[in-house]
Amino acid sequence: MRTKLLILIMTLAVAGCQQGQAANGSNAERLPPEPLVEPIDPQTNPVAAVKARKQQMADQASLPAMRAEIMALIGEPEADNVQQCKVVGFGSKPCGGPSSYIALSTKKGNESQIMALISKYNAAVKSENDRLGLMSDCAVVPKPAVVLENGVCTLKGTGEAPAF
């Protein structure tokens with residue numbers, strides 16, 4: 001019985017790995033992620049090692065700052081009607097697709113600026129996921145509906161409070 005269970009678990013693990021590779025859309029060999037720290041020997045080049053580490057720390061800190069900037073621009077997504085509400089994928093799961101969704105309003109007229117920042121943020125999150133070699137459950141996050149509640153665009157069907 002234990003042997004059958006072990007075989008089943010191994011089969012599912014291999015199938016999950018193969019499914020993740022197929023999701024990339026190619027049969028190309030997967031490359032290992034870039035190292036977290038530049039391969040600079042601090043003994044031989046301490047200045048370059050410190051600069052590389054500072055750059056890495058700055059890159060990691062920029063994601064929360066980007067997210068905060070986007071959320072500040074969205075503010076409370078007020079709208080006059082539901083047609084002014086929009087649901088947008090936010091973030092990136094390691095297997096692909098958005099990690100969550102946010103509601104925004106087109107009423108203020110800054111939609112193109114917000115969409116450009118969201119696109120940049122999503123690409124940065126994907127890049128960071130790839131760099132770190134992160135994995136996820138590969139579950140598809142369903143796109144929620146958006147409704148207008150008390151003049152505010154609100155996501156429905158996520159089980160979560162709106163992210164603004």
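Trainee: Which pattern does the protein follow when read along the sequence?

Mentor: Please keep in mind that this is a predicted model. The protein holds three helices and four strands. Read along the sequence, these elements give the pattern α-α-β-β-α-β-β.

Trainee: What share of the contacts in the protein with a separation of 6 or more comes from residues 24 or more positions apart?

Mentor: A contact here requires heavy atoms within 4.5 Å. Among the contacts with a separation of 6 or more, the share from residues 24 or more positions apart is 64%.

Trainee: What percentage of the residues in the protein is buried?

Mentor: The cut-off for buried is under 20% relative accessible area. The protein has 164 residues, and the buried ones make up 24%.

Trainee: How much of the accessible surface of the protein belongs to carbon and sulfur atoms?

Mentor: The accessible surface comes to about 11100 Å². The part of that surface belonging to carbon and sulfur atoms is 58%.

Trainee: Is Asn129 buried or exposed?

Mentor: Asn129 lies in helix α3. Leaving aside residues up to four places away in sequence, Asn129 touches Ser92, Lys93, Pro94 and Leu134. Because its relative accessibility is 10%, Asn129 counts as buried.

Trainee: Where is Cys138 placed, and how is its accessibility classed?

Mentor: Cys138 is not a glycine, yet it has a positive phi of about 60°. Its place is in the loop between α3 (111-132) and β3 (145-149). Since its relative accessibility is 32%, Cys138 is classed as partly exposed.

Trainee: Is Asn150 buried or exposed?

Mentor: Asn150 also has a positive phi, of about 55°, although it is not a glycine. This residue sits in the loop between β3 and β4 (152-156). Its relative accessible area is 83%, so Asn150 is exposed.

Trainee: What is the volume of the largest cavity?

Mentor: The structure holds one cavity of 30 Å³ or more. For the largest cavity, the volume is about 40 Å³.

Note on methods: Residues are numbered from 1 along each chain as its sequence is written. This is a predicted model: local features need pLDDT of at least 70, side-chain atom pairs count only at pLDDT 80 or more; totals for chains, interfaces and linings use all residues. Side-chain values use heavy atoms; hydrogens and water are left out. Helices (H or I, at least four residues) and strands (E, at least two) are DSSP runs, numbered from the N terminus. Buried means under 20% relative accessible area, exposed over 50%, partly exposed in between (1.4 Å probe, protein chains only). Accessible areas come from the Shrake-Rupley method with a 1.4 Å probe; for residues, only the protein chains shown count as cover. On a 1 Å grid over the protein atoms alone, a cavity is a set of points where a 1.4 Å probe fits but cannot get out, and a pocket is an open set with protein on both sides within 12 Å along at least five of seven lines; lining residues have an atom within 4 Å of a point. Grid points are joined across faces, edges and corners, and a volume is the space filled by probe spheres set on the points.
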